Amino acid sequence: MRTVSHEEIMKLKYADRETVEGLERHADGNCIHLGKISPGCETCFTGVLGGGIQIGQECMCNCAECYYDPNRSDRQEHPEKIKDVMADFFREGLNPNWMPRSYSYQSTGETLMYMDKLRAMGPVFKQIEDTRGINIYHHLYTNGLLLDDEMLEECKKLRINEFRFHVSASNFSDKVFRNMERVRDDGTITVSVE
């Protein structure tokens, strides 16, 4: 086994980036992308108003790259915690000065396992948009395993604008790549790889 320094890895990474035609950088190089920057990325990297709502904790994958320890003590979902998150969001939505540009659906697991929570949030977002005369850009984080035709149609009804796929969670499953292609071919929702 060969051990390399962080600096050496970063040099290789930066050199590799220079070979990608059309690569763009924003936010002092912290946001690197091809094509137009996603409005969801603008929220994180440029400071425009937005945020995210954590709607669950369970996942069917156990990937080494997960931000969250799969053995953590709070892995099991606590229904009261979810209710508190949704109540906090609803209270924020009552502020007439709150004009978010984008908002994400995310979890510390697989977001699409929580369609009941997504369905509950949809009308709240719609009310905020209608009351303020705005369109919130909705993006959703997923490992992509559950994104079949039926799930895609449900997400379109919820006005999801973008799916952010974590393709390594499934060990780069062919099923996930087929699901990404399905979304791309449908043409109504943006496909991003996170």
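In this predicted model, strand E3 and strand E4 (residues 102-106) run parallel and are joined by 5 bridges. Within this pairing, Gly-50 stands opposite Ser-102 in E4. Strands of a sheet pair through backbone hydrogen bonds, and the pairing may be parallel or antiparallel.

The two strands belong to an open sheet of 5 strands, in which the order is E3-E4-E5-E6-E7 and the pairing is parallel. Strand E3 (50-54) and strand E7 (190-193) form the edges, each pairing on one side only. From one strand to the next, the twist averages 20°.

Is Asn-143 buried or exposed? Its relative accessibility is 3%, and because buried means under 20%, Asn-143 counts as buried. A polar atom of the Asn-143 side chain lies 2.9 Å from the backbone nitrogen of Leu-145. Beyond its neighbours within four places in sequence, Asn-143 is in contact with Cys-59, Met-60, Cys-61, Glu-110, His-166, Ala-169 and Val-176.

A pair of aromatic rings is described by the distance of the centres and the angle of the planes. The structure holds 4 aromatic pairs. One of them, formed by Trp-98 and Tyr-103, is edge-to-face, with 5.7 Å from centre to centre and 80° between the planes. Trp-98 and Tyr-103 are both buried. Together with Tyr-105 and Phe-125, these two residues form one aromatic cluster.

Conventions. Residues are numbered from 1 along each chain as its sequence is written. This is a predicted model: local features need pLDDT of at least 70, side-chain atom pairs count only at pLDDT 80 or more; totals for chains, interfaces and linings use all residues. Side-chain values use heavy atoms; hydrogens and water are left out. Rings of Phe, Tyr and Trp (its six-membered ring) pair if their centres lie within 6.5 Å; planes under 30 degrees apart count as stacked, over 60 as edge-to-face and the rest as tilted. Buried means under 20% relative accessible area, exposed over 50%, partly exposed in between (1.4 Å probe, protein chains only). A polar contact is a pair of N or O atoms within 3.5 Å; within protein, one must be able to donate a hydrogen and the other to accept it, and residues adjacent in sequence count only if both atoms are side-chain atoms. Contact means heavy atoms within 4.5 Å. Two strands pair if DSSP finds at least two bridges between them. Helices (H or I, at least four residues) and strands (E, at least two) are DSSP runs, numbered from the N terminus. Axes are lines fitted to C-alpha atoms, for helices over the stretch in contact, and angles run from 0 to 180 degrees between N-to-C directions.
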